[in-house]
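User: Please take me through the aromatic contacts and the nonpolar surface of this protein.

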Amino acid sequence: MRTVDQPVPSLHVPPSRFISFRPRFSSMPRPNFTAVTQFTFEGFSIFGWQYRLLLFVVFLVLYLLTLASNALILTVIRLNRQLHTPMYFFLSVLSVSETCYTVAIIPRMLSSLLSPQQAISIPGCATQLFFYLVFGISNCFLLTAMGYDRYVAICNPLRYSVIMGKRTCIRLASGSWSIGLSTAITQVSSVFSLPFCDSNVISHFFCDIRPLMKLACADTTIKELVTLLISLCVLVLPMVLVFISYVLIVSTILKMASADGRKKAFATCASHLTVVVVHYGCTSFIYLKPKSQNSLQDRLISVTYTVITPLLNPVVYSLRNKEVKEALLRTLGKKPLSQF
């Protein structure tokens, strides 16, 4: 028996016996981490200087053409009362949205091509992601509204002016912008509530959701699931609605007795359908596919819907349209070809 005066023997555990357990993922930042205050883009830095310079020239030309063609479309629609219809109202709204969309992405991309190590602050990255999502998601629903407009025009032409009144068009456009705004606020708040540490190189040429989540030093499983569900809502739902619209449109066109009427109806829808396929096809491939290790492939596909599609809209959907071309000639003070 030990007396009161006897010292209590100390337990000595060798240092090697201590077990330091740290989960791979945690909701809190890792200890001994380096907090990230700014990001850099990997972009196309794997290419040599000559190739980056070539890409800079190509993307700059496409960017300027996009701005010029969208400005031209807005001017022509504004100055010609014959184009003050629901179809061209949505075209003008889409042109504004596409212009803002490209301004949010391409200038920074061009700058990164010339200076690959140029940094962007976390607030700057959040701002870019916010506007990218606002206008990108708005475009998805604007294309859906345009599909509905074509459905009403072809399947219910006698009530077209009643159904597609000014108030309805404004509501559809406002709804598209509201969905884009609310989704952007939700996604940006979710992504930038994550802690970023150690690595600060984004495997992309702009601030996007998935590349940013890869840099987080916390568990992103739930946030990735939420992002997938949101992607399904803003990509698959509009695609399904457009598909249903075109099934009804095609069935109505095939019932037309006049061959000229069928040809004109198909020509009216062909441009919109082309833009829809390119836009939804590329974005769905990026946001609905499983995680990919080939980030360069993702970047090259992203070029399609960030650089090429915004130019494709005014060229395919508007400038090839006979009414727009005749309105453009009238704006320039020349007689339309149909008057010769």
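Predicted model: local features only at pLDDT ≥ 70, side-chain atom pairs only at ≥ 80, totals over all residues.

User: How many aromatic pairs does a search of the whole structure find?
Analyst: Ring pairs are counted when the centres lie within 6.5 Å. Over the whole structure, the number of aromatic pairs found is 13.

User: What is the geometry of the pair formed by Phe130 and Phe131?
Analyst: The ring centres of Phe130 and Phe131 are 5.2 Å apart.

User: Which helices hold Phe135 and Trp177?
Analyst: The two rings have centres 5.6 Å apart and planes at 85°, so they form an edge-to-face pair. The pair ties together parts that are 42 residues apart in sequence, because Phe135 lies in helix 3 (residues 122-155) and Trp177 in helix 5 (residues 166-191). The names asked for are helix 3 for Phe135 and helix 5 for Trp177.

User: Which helix gives the largest share of the nonpolar patch?
Analyst: The patch on the surface consists of Trp49, Leu53, Val57, Val61, Leu65 and Leu114, with about 510 Å² of accessible area together. Leu114 is found in helix 2 (residues 86-114) and is partly exposed at 39% relative accessibility. Five residues, the largest share, come from helix 1 (residues 49-79).

Notes: Residues numbered from 1 in each chain as written. Heavy atoms only, no water. Phe/Tyr/Trp six-rings, centres within 6.5 Å; stacked < 30°, edge-to-face > 60°. Helix = DSSP H or I, 4+ residues; strand = E, 2+ residues; numbered from the N terminus. Patch = residues over 30% accessible without salt bridge, like charges linked within 9 Å, V, L, I, M, F, W, Y side chains within 5 Å. Areas by Shrake-Rupley, 256 points an atom, 1.4 Å probe, with all protein chains shown as cover. Salt bridge = Lys/Arg side-chain N within 4 Å of Asp/Glu carboxyl O. Buried < 20%, exposed > 50% of the residue type's maximum accessible area, 1.4 Å probe, protein only.
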